[in-house]
Amino acid sequence: MKYLVKCECGHSVEVSAGDAGTKVSCHCQRLVDVPSLHRLRQSAGVSSISADLMIETMLQQGRLPEENECVGCEKPTTGIVYVNIQCERAEVRKPGYGLELWGLLLGWIVLKRKGEARIIGRDLSYRLPMRICENCRRGLNDREAEKLVRRIPLYNELLGKFPKAKVSLAMM
Ligand SMILES: [Zn+2]
Ligand SMILES: [Zn+2]
């Protein structure tokens with residue numbers, strides 16, 4: 001996906017997601033600041049494409065991770081660590097008990113099971129690749145992994161959408 005960033009000269013420079021947060025040069029020689037990916041997408045009106053959808057698409061297309069540098073130390077690496085991001089957990093709601101009116105008339109309190117257990121919400125979890133070098137992988141725990149996940153704009157957006165999401169390191 002291409003985005004347009006406006007230069008002071010009035011020209012719009014075409015940038016891609018990979019340019020987010022950097023500077024690009026316009027044909028007028030000026031350097032133009034490229035905003036964060038989140039901002040780019042917002043200004044392009046694609047913020048309605050939710051992060052989860054975007055991630056699913058990119059996973060299918062094998063476009064993740066986007067980075068070539070370790071998200072820990074920013075050195076180029078081919079290392080990958082997988083994290084599980086559990087966004088929603090199916091919640092089982094126990095059936096409640098209802099008071100039966102006819103029971104009261106008879107002087108009894110009759111409790112009747114109402115309905116069946118229902119499953120609310122769906123399990124939405126992702127196994128996402130993250131660029132991590134050998135060095136940074138050492139001693140990595142779930143909490144550290146979550147901090148690193150938050151450095152990746154797209155993943156961070158996912159966590160923003162599901163504030164209760166749990167991040168854990170996935171087994172290789
Ligand atoms: Zn310009
Ligand atoms: Zn590293």
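This report walks through a zinc site, a pocket and a few backbone features of a predicted model. Local features need pLDDT of at least 70 and side-chain atom pairs count only at pLDDT 80 or more, while totals for chains, interfaces and linings use all residues. Residues are numbered from 1 along each chain as its sequence is written, and side-chain values use heavy atoms, with hydrogens and water left out.

Let's start with the metal. Four SG atoms, from Cys-70, Cys-73, Cys-133 and Cys-136, coordinate the zinc ion (ligand 2) at 2.2 to 2.3 Å. Donors here are N, O and S atoms within 2.8 Å of the metal (3.2 Å for Na, K and Ca), and sites may look incomplete because water is not among the atoms. The angles among the four donor atoms run from 104 to 115 degrees, and the site is tetrahedral (four donors, all angles between 85 and 135 degrees). For reference, the ideal angle for four tetrahedral donors is 109.5 degrees.

Along the chain, the donors of the zinc ion (ligand 2) have the spacing C-x2-C-x59-C-x2-C. Cys-73, in the loop between helix H2 (51-60) and strand E5 (80-88), and Cys-136, in helix H4 (residues 134-137), are 63 residues apart, so this pair links distant parts of the chain. Helices (at least four residues) and strands (at least two) are DSSP runs, numbered from the N terminus.

The loop between H2 and E5 also holds Pro-65, which a cis peptide bond joins to Leu-64, with omega about -5 degrees. Glu-74 is found in that loop between H2 and E5 too, and its phi is near 65 degrees, a positive value in a residue other than glycine. Gln-29, in the loop between strand E3 (23-25) and strand E4 (31-33), likewise has a positive phi, near 80 degrees.

How accessible are these residues? The table uses relative accessible area: buried is under 20%, exposed over 50%, partly exposed in between (1.4 Å probe, protein chains only).

| Residue | Relative accessible area | Class |
|---|---|---|
| Cys-73 | 31% | partly exposed |
| Cys-136 | 22% | partly exposed |
| Gln-29 | 70% | exposed |
| Glu-74 | 63% | exposed |

Finally, the largest pocket lies between domain 1 (1-48) and domain 2 (50-91 + 121-172), because both give residues to its lining. Of its 17 lining residues, the closest to the centre are Gly-18, Ala-20, Glu-66, Glu-67 and Pro-153. The lining divides into eight nonpolar, four polar and five charged residues.

How values were computed
Chains lettered and ligands numbered in written order. Tetrahedral: all angles 85-135°; square planar, octahedral: opposite > 155°, others 65-115°. 1 Å grid on protein atoms, 1.4 Å probe; cavity = no way out; pocket = protein on both sides within 12 Å on 5 of 7 lines; lining within 4 Å. Nonpolar A, V, L, I, M, F, W, Y, C, P; charged D, E, K, R; others polar. Domains from an automatic or database assignment.
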